[in-house]
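Reader: I would like to go through this model feature by feature. Please give the general idea each time, then the case at hand.

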Amino acid sequence: MNKRQHWPAALILLAILIFGSYLLYTEQMVSEIRRETASQTRLYGLVQRGLLSPENDGALKSLLDLAGEIAKLHVPIIIVNSAGDPYASTNLPFEPDLISSAGKQRVLQYAGQLSRQNMPLVVNDAGTVYFGSPPILRWLRWIPWFQVGAGVLLVVVALAVFGANARAERERMWAAMARELAHQMGTPLSSLSGWVEILQLPKSEQAALATPERIAGMIDQDV
């Protein structure tokens with residue numbers, strides 16, 4: 001019984017932990033979105049610097065910095081020329097080899113995986129660009145599953161608590177009924193025990209207390 005009394009508190013604690021973890025997860029998502037927004041803003045700033053730079057190699061420096069910023073986005077990118085050969089890549093889960101045939105084949109196989117995630121883009125004078133999904137997208141995909149799992153867990157625990165409370169209530173009712181039944185049966189049983197003792201007395205003593213007819217009538221009432 002004592003354990004069942006702690007179940008509502010355990011349910012409340014579980015709900016607090018679930019919603020607290022959800023808040024932390026959301027805060028992590030917000031931080032990731034802000035980080036990617038800052039990266040995209042820096043990309044725009046580098047483009048403007050390359051366009052407005054008075055230096056002869058200003059545009060080239062901006063392009064190199066752009067490549068570095070794009071790598072920080074952690075989005076896998078593969079560029080394939082019109083001949084079907086990959087010649088540029090970044091953020092791949094393996095070290096790309098764009099020189100050997102085996103290395104190019106591996107990169108092309110991974111490009112096929114990326115094409116199933118996102119439709120490749122055709123860029124004039126550059127070729128076909130295959131790209132994956134940003135890390136934040138993987139985080140976002142887990143949110144519905146997290147919400148559904150948390151909801152199901154709360155419902156299961158709540159049903160278990162309600163079931164335990166219902167069983168405890170039934171047990172209390174049975175205990176009360178048993179006590180009342182014992183009380184109700186105790187009175188006639190005690191009377192019957194007394195009449196049995198009288199019947200066991202000698203006839204002379206028994207006649208002084210009650211007649212057989214009266215004893216039979218009282219026993220009948222008790223039964």
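Author: Start with N91, which is partly exposed because its relative accessible area is 24%. The terms are set by cut-offs: buried means under 20% relative accessible area, exposed over 50%, and partly exposed in between (1.4 Å probe, protein chains only). N91 sits in the loop between β2 and α4, where helices (H or I, at least four residues) and strands (E, at least two) are DSSP runs numbered from the N terminus. Its phi is near 60 degrees, a positive value in a residue other than glycine.

This is a predicted model, in which local features need pLDDT of at least 70, side-chain atom pairs count only at pLDDT 80 or more, and totals for chains, interfaces and linings use all residues. Residues are numbered from 1 along each chain as its sequence is written, and side-chain values use heavy atoms, with hydrogens and water left out.

Reader: Which loop holds D125, and is D125 buried or exposed?

Author: D125 is in the loop between β3 (121-123) and β4 (127-131). At 88% relative accessibility, D125 is exposed. D125 is not a glycine, yet has a positive phi of about 65 degrees.

Reader: How do I read a nonpolar core, and which residues make up the largest one?

Author: In soluble globular proteins, nonpolar side chains tend to be buried together. A nonpolar core is a set of buried Ala, Val, Leu, Ile, Met, Phe, Trp, Tyr and Cys residues joined through side-chain atoms within 4.5 Å. Here the largest core has nine residues: I78, V80, L92, F94, V107, Y110, A111, L114 and Y130. At least two residues come from each of β1 (77-80) and α4 (101-117). Helix α4 gives the largest share, four residues.

Reader: What is I78 in contact with, beyond its neighbours in sequence?

Author: Contact means heavy atoms within 4.5 Å. With neighbours within four places in sequence left aside, I78 touches P86, A88, S89, L92, V107, Y110, A111, L114, T128, V129 and Y130. Another core, of eight residues, lies apart from the largest one and includes L43, L46, V75 and V129.

Reader: How many aromatic pairs does the model have?

Author: Rings of Phe, Tyr and Trp (its six-membered ring) pair if their centres lie within 6.5 Å; planes under 30 degrees apart count as stacked, over 60 as edge-to-face and the rest as tilted. The count by this rule is one pair. F94 and Y110 have ring centres 5.7 Å apart and planes at 90 degrees, so they are edge-to-face. The pair links distant parts of the chain, 16 residues apart: F94 is in the loop between β2 (86-90) and α4, and Y110 is in helix α4. F94 is buried at 15% relative accessibility, and Y110 is buried at 15% as well.

Reader: Where is S133 found, and what is S133 in contact with?

Author: S133 belongs to the loop between β4 and α5 (135-199). Its relative accessible area is 7%, so S133 is buried. Leaving aside neighbours within four places in sequence, S133 contacts P76, Q117, N118, R138 and R141.

Reader: Which helix holds E36, and is E36 buried or exposed?

Author: E36 lies in helix α2 and is buried, with a relative accessible area of 10%. E36 and K72 are 36 residues apart in sequence, and their C-alpha atoms are 9.1 Å apart in space.
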